[in-house]
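Hi everyone, thanks for coming. Let me put the structure up, and then we can go through it together.

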Amino acid sequence: MSVGNGSHRAGNRNGKRRPQRYSAFGLFKRGLSRSDWPRVWQERPLKSTYDVVIIGGGVHGLATAYYLAANHGITNVAVLDKGYLGGGGSGRNTAILRSNYLTPEGVRFYDRSLHLYENLASELNFNVMFSQRGHMTLAHNDNSLRTLRWRAEVNKLQGVDSEVIDPAQIKELVPYLDTSTDTRYPILGALYHPPGGIIRHDAVVWGYARAADAHGVHLHQNTEVTGIETADGRVTGVRTTKGDISTPVVVNCTAGWSSLISDMAGVDMPVTTSPLQAAVTEPVKPFLGTVVVSGTLHVYVSQTDRGELVFGASVDPFTSYSMRGSLEFAEGLAGHVLELMPAVSKMRLLRQWAGLCDMTPDYSPIMGPTHVDGFHVDVGWGTYGFKAGPVSGEAMADTVANGRPPEIIAPFGIDRFEMGQLVGEKGAAAVGH
Amino acid sequence: MIQLPCPWCGPRNASEFTHHGEVTPRPDVGTATPEEWRRYLYFRQNANGWVDENWYHTAGCRRFIRVRRHTTSNETEATR
Ligand SMILES: Cc1cc2nc3c(=O)[nH]c(=O)nc-3n(C[C@H](O)[C@H](O)[C@H](O)COP(=O)(O)OP(=O)(O)OC[C@H]3O[C@@H](n4cnc5c(N)ncnc54)[C@H](O)[C@@H]3O)c2cc1C
Ligand SMILES: [Zn+2]
């Protein structure tokens, strides 16, 4: 063990250790002693063989590793990332969680994730700051109001708290919204989803990393996968910039880069990669208690615990692997935000950024085995995949451990495209995240 | 803003165009199976590098044009 193996750490046999638990008392003690906190996870040497290799150290890869260890006792696992953990979409998203989707398959799936998120802080012993402050999707025309009503009915049938509310109720929840009728796009109603909210995305990544590491999973940063070896239609190993690894199982959790990885295994994908941008303002006192989304105006906004407004929009208008922000985005965003909330016109944008999104034709993920034995995918996360991290990790671990995908992800197999059985979520996922 | 080389209008801002994605060879109408049609509809190379694409000049000559673009640097080259 190379890093930060201080004396405060309990037992350290077979690469396993119990991490020191975080607690109020621990915080107090450390405040008095002012000693350093232990490293959250360790850096270990790359082995030449693992039972499972997970490519991509975002929430999906790390959650898969954690549930493989925690639920199935499979711990000879490596997570490889070409950069740092959470350096992809998992550290760049706007952290909105919800389960008010459009298809029954989608609602069931995302609702399981929301329940796992509700208990995640105590399960991982890591404060992930999940704030279930409510989520509101606005309708500015009859067509979107109809889709919202449809979603509300599908949601209720699945036991998800979700209802359509009118402009007076909207104004009560968010007084700063312009609900007058003389705007360019008057607000006609909204889908209100009380259990939705925002979370601290980095904490989720770090929490899963710490818990997986505690089970003995190896986390390798700065380790880029450059090739995947197959023989007789089976995966046999991966090549990386740090050395070759032999393994019978590879899980592709690389989101925006996922078709490049699948390509290495000879698996074609119905995926295109587009940048998605977001921006944040200077912090102000709390005034926005709900997440507000407008599909018509291509914008959504929430206020963080620190007081900043976080804005997002639709994906950039063409595919690209570039993560540069654009002035067109900032201009368009500002205009749309001001249509919704004229009162914030004096606020200043602090920064903007972009991440890569792996878009699928039906706005649903692609999960499970492929025609190459041992090569699994957990991709197609588009602009909405952070909320699915826990359920995906749980289901992919199940897939690897039991050799076939569990019921909850059965609708999301890659073969659905060749069979024409798409799971159309565009009405609930196009801007909403 | 990136610019696209329109053969009819000259270099114009990308915001004038609609992106129609990489050029995918169309299956033979006479013999293609439903599976082949679905692959044509949904599956993409999604390459990280130079790609031949179709764009529509919505706010200009209203013609489809073909452009070669690098998907990381967003440099473009006219192809026809
Ligand atoms: C601006 C923005 C806002 C968003 N807002 C939301 C939201 O509000 N709610 C929501 O649910 N979702 C949202 N999303 C989507 C969400 O961020 C992603 O779907 C999710 O984070 C995907 O997680 P992941 O673990 O699959 O992939 P990522 O977190 O992208 O991780 C993939 C990892 O793979 C690594 N990798 C790539 N190639 C290689 C290689 N060759 N070798 C090794 N490693 C490699 C990368 O370095 C990266 O760390 C948003 C996305 C963006 C960009
Ligand atoms: Zn033109």
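Let's start with B:Arg39, which counts as partly exposed at 30% relative accessibility. By that I mean the class in between buried, under 20% relative accessible area, and exposed, over 50%, with a 1.4 Å probe and protein chains only. Before I go on, please keep in mind that this is a predicted model: local features need pLDDT of at least 70, side-chain atom pairs count only at pLDDT 80 or more, and totals for chains, interfaces and linings use all residues. Residues are numbered from 1 along each chain as its sequence is written, chains are lettered from A and ligands numbered from 1 in the order in which they are written, and side-chain values use heavy atoms, with hydrogens and water left out.

So, which side chains does B:Arg39 meet in salt bridges? One partner is A:Asp268, at 2.7 Å from N to O. The rule here asks for a side-chain nitrogen of Lys or Arg within 4 Å of a carboxyl oxygen of Asp or Glu. A:Asp268 sits in the loop between H8 and S13 of chain A, while B:Arg39 belongs to helix H1 (residues 34-42) of chain B, so this pair joins two chains. When I say helix or strand, I mean DSSP runs numbered from the N terminus: H or I with at least four residues for helices, E with at least two for strands. A:Asp268 is partly exposed too, with a relative accessible area of 38%.

The other partner is A:Glu418, where the N to O distance is 2.5 Å. This pair also crosses between chains, running from helix H1 of chain B to helix H11 of chain A. A:Glu418 is partly exposed as well, at 28% relative accessibility. Through shared partners, A:Asp268, A:Glu418 and B:Arg39 form one salt-bridge network.

Now let's zoom out to the interface around that network. Between chain A and chain B, the count is two salt bridges. The rule also finds 10 residue pairs in polar contact there, both residues at pLDDT 80 or more. A polar contact is a pair of N or O atoms within 3.5 Å; within protein, one must be able to donate a hydrogen and the other to accept it, and residues adjacent in sequence count only if both atoms are side-chain atoms. On the chain A side, the elements giving two or more residues are H8, strand S13 (272-281) and helix H11 (416-419). H11(A) gives the most, with three residues. By residue type, that side divides into 11 nonpolar, seven polar and three charged.

How much area do chain A and chain B bury between them? About 1,800 Å², with 54% of it on carbon and sulfur atoms. That is the accessible area (1.4 Å probe) that two parts lose on being put together, summed over both. In chain A, A:Phe318, A:Tyr321 and A:Glu418 lose the most area to chain B, together 35% of what that side buries. In terms of contacts, meaning heavy atoms within 4.5 Å, 21 residues of chain A touch 20 residues of chain B.

A word on chain B itself. Its one helix and six strands follow the pattern β-β-β-α-β-β-β along the sequence. Of its 80 residues, 30% count as buried. The C-alpha atoms fill a box of roughly 40 × 25 × 20 Å along the principal axes.

Next, the inside of chain A. The domain assignment gives domain 1 (43-99 + 101-126 + 201-270 + 362-429) and domain 2 (135-197 + 272-359). Their C-alpha centres lie 28 Å apart, and 30 residues of domain 1 are in contact with 30 residues of domain 2. Together the two domains bury about 2,400 Å², 59% of it on carbon and sulfur atoms. On the domain 1 side, A:Arg92, A:Thr94 and A:Leu102 lose the most area to domain 2, together 25% of what that side buries.

How many salt bridges cross between domain 1 and domain 2 of chain A? The rule finds zero, although 10 residue pairs are in polar contact there.

Finally, over all chains the search finds 17 salt bridges. One of them pairs A:Arg44 with A:Asp213 at 3.0 Å, N to O. This pair links distant parts of the chain, 169 residues apart. Both A:Arg44 and A:Asp213 are buried. Thanks, and I'm happy to take questions!

How values were computed:
Domains from an automatic or database assignment. Nonpolar A, V, L, I, M, F, W, Y, C, P; charged D, E, K, R; others polar.
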